Amino acid sequence: MQKRTSYCGALRSEHIGSEAHLYGWAAKIRDLGSLIFIDLRDREGTVQLAFDDNTAPDVLETAKAVRSEFVLEVSGTVRERAAKNPELPTGDVEIEVSGLKILAKSETPPFEIADDCKTAEQIRMKNRYLDLRRPTLQNALIMRHKIAKLTRDYFDENGFIEIETPTLIKSTPEGARDYLVPSRVHKGKFYALPQSPQLYKQLSMVAGFDRYIQIARCYRDEDLRADRQPEFTQIDLEMSFAEQEDILQLAEGYIQRLFKTVLNLDIGTIPRMTYKEATERYGSDKPDLRYGLEIMDISDVLPDTRMICVPCKLPRKQVDKFNDLLKGIGGKGVVTQSAKFITDEQRAELLARANANEEDNTLLLSRDSLSQIGYLRTELAKSLELIPKGVFKPVWILEFPFFDWDEELGDWVAMHHPFTSPLDECLPYLETDKGAVRAKAYDLVLNGIEMSSGSIRITDPELQGRIFALLGLSDEEAHQKFGFLLDAFRYGAPPHGGMALGLDRLVMQLLERESLRDVVAFPKLQNAAEPMTNAPDIVDEKQLKDLGIAITSVE
């Protein structure tokens with residue numbers, strides 16, 4: 001085969017007069033009798049092929065046989081296009097075809113290969129290899145590649161070593177359910193697929209590698225949603241001899257370079273707020289800062305009440321809608337400043353505090369929890385179309401609670417993995433006031449979605465023992481679950497910390513897509529299945545017998 005001279009989407013007016021040899025798929029075909037136009041598509045875009053009276057008869061005959069999605073080899077001259085298309089990057093040029101070869105024919109696809117395709121997702125996922133021909137998906141995967149390269153380059157420049165960690169590991173509790181892999185050699189025993197490389201990257205610090213990086217595949221057996229898949233990729237890093245500020249500055253530099261390189265945006269210094277401030281102002285530890293609607297505590301005016309000032313006058317029907325929305329999640333609902341139980345003095349005070357006026361604004365008042373009001377805030381922004389496009393507002397969330405109260409257990413549980421370090425000033429009351437203990441933990445949030453989480457780790461054996469005891473782990477249980485790490489810490493563990501950024505979510509956010517399925521090559525559907533290969537699927541009895549497994553029930 002002749003060497004390709006260019007990708008279709010790379011041709012521009014400066015190439016006019018040059019010879020081109022291209023490969024691609026026939027996207028659109030317009031047969032006008034004496035003229036034939038074919039849009040040739042490859043991963044970089046499309047270019048128009050032109051066939052006219054000057055085209056050799058055999059080439060014209062071949063062009064007439066081309067159908068949608070045929071694979072073509074094309075030779076010709078780049079020339080100026082008579083009817084230019086300003087919507088296309090290649091809209092100023094076309095190919096005067098001198099040679100055409102059909103490399104592969106195609107049946108009629110089950111749906112149109114176009115970005116505005118309306119075919120049901122189930123059908124497109126069943127034929128994902130066709131769905132991936134759509135330019136919007138190809139562009140997403142190309143951007144993903146560029147982000148991965150930028151990531152490796154940035155951390156290499158900053159002295160990080162890329163280390164691959166195992167994907168068949170010991171099952172350890174990390175909050176979500178593990179995917180288990182049975183062992184043929186060790187019947188009755190199981191590996192787990194990693195939820196993260198957490199313990200191995202800490203062992204890399206003990207081994208003296210100092211700065212570790214990995215673009216790692218991770219797995220969690222949990223329910224899917226738009227920003228969650230059962231298998232995902234994270235940018236995993238760990239640093240020795242580093243404090244929280246060192247890690248935040250390094251990660252911030254990475255995010256700044258990422259936005260500048262990929263979107264040509266200067267996002268500046270990333271603001272910071274504590275977990276307490278975020279939840280009180282926005283009702284969430286993942287606040288979306290692209291819009292206002294901040295929550296105000298007005299308990300000094302109306303007991304146990306919080307308020308959101310809406311920058312427009314809401315009709316009664318909309319207020320009722322938001323009232324029902326809150327009640328639907330177990331809340332008490334909302335009222336406005338015109339509620340009968342509010343006095344004129346109270347109303348005036350609330351309007352002044354919100355810097356609002358009664359004619360143009362609506363005050364929504366609620367006695368619900370911060371998380372419920374935070375949900376209301378998000379739904380308000382969506383309903384009133386207050387969320388701008390093309391705007392990116394990252395924020396660091398710091399000083400997370402160390403413990404979280406579990407209503408079902410009736411006890412305090414760890415909010416993070418058990419190697420997260422408490423703040424130094426909280427050590428005196430670890431055992432006596434768990435609700436006040438804060439962690440050396442930090443999240444990066446972008447437009448309301450968690451991009452990364454991390455922490456400074458515990459390496460002091462005495463402190464680690466206190467934490468295990470507070471979490472109800474005996475010495476025996478701790479060594480059973482984490483003995484290999486605790487043993488390693490006996491041989492000189494440097495102070496260290498790290499974090500992990502979700503690569504899938506980064507791509508999704510930068511491209512402003514609604515779902516991870518739009519930026520992952522072969523994703524799972526809502527039920528964690530992949531219809532293209534029919535995974536997961538049954539296996540034959542011999543495989544089960546080799547593994548020492550018997551299936552007792554099938555749903």
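Predicted model: local features only at pLDDT ≥ 70, side-chain atom pairs only at ≥ 80, totals over all residues.
Residues are numbered from 1 along each chain as its sequence is written, and side-chain values use heavy atoms, with hydrogens and water left out.

Side chains of opposite charge can pair when their charged atoms come close. Counting a salt bridge wherever a side-chain nitrogen of Lys or Arg is within 4 Å of a carboxyl oxygen of Asp or Glu, the structure holds 42 of them. One joins Arg-134 to Asp-131, with 2.8 Å from N to O. Arg-134 is buried at 7% relative accessibility, and Asp-131 is buried at 0%, where buried means under 20% relative accessible area, exposed means over 50%, and partly exposed lies in between (1.4 Å probe, protein chains only).

Lys-201 and Asp-236 form another salt bridge, their closest N and O atoms being 3.1 Å apart. This pair links distant parts of the chain, since Lys-201 belongs to helix α5 (residues 198–206) and Asp-236 to strand β10 (residues 231–240), 35 residues apart; helices (H or I, at least four residues) and strands (E, at least two) are DSSP runs numbered from the N terminus. Both Lys-201 and Asp-236 are buried.

A contrasting setting is found in helix α8 (residues 316–328), where Asp-320 and Arg-316 lie four residues apart, about one turn of the helix. Their salt bridge has its closest N and O atoms 3.0 Å apart, while Asp-320 is partly exposed at 33% and Arg-316 is exposed at 51% relative accessibility. Elsewhere, Asp-52, Arg-79, Glu-94 and Glu-96 are linked in a network of salt bridges.

Helix α13 (residues 503–510) is largely enclosed by the rest of the structure, because eight of its eight residues are buried. After α13 comes Glu-512, whose phi is positive, near 55°.

The second largest pocket has a volume of about 990 Å³. Of the 31 residues that line this pocket, the closest to its centre are Tyr-179, Ala-528, Ala-535, Pro-536 and Asp-537. On a 1 Å grid over the protein atoms alone, a pocket is an open set of points where a 1.4 Å probe fits, with protein on both sides within 12 Å along at least five of seven lines, and lining residues have an atom within 4 Å of a point. Strand β7 gives the most to the lining of the second largest pocket, with three residues.

Rings of Phe, Tyr and Trp (its six-membered ring) pair if their centres lie within 6.5 Å, and planes under 30 degrees apart count as stacked, over 60 as edge-to-face and the rest as tilted. By this rule there are eleven aromatic pairs. Phe-259 and Phe-392 make an edge-to-face pair, because their ring centres are 5.3 Å apart and their planes stand at 65°. Phe-259 lies in helix α6 (residues 244–263) and Phe-392 in the loop between α10 (370–383) and β16 (394–398), so the pair ties together parts that are 133 residues apart in sequence. Phe-259 is buried at 1%, and Phe-392 is buried at 11% relative accessibility. Finally, Tyr-154, Phe-155, Phe-160 and Tyr-254 form one aromatic cluster.

Note on methods
Points joined across faces, edges and corners; volume = space filled by probe spheres on them.
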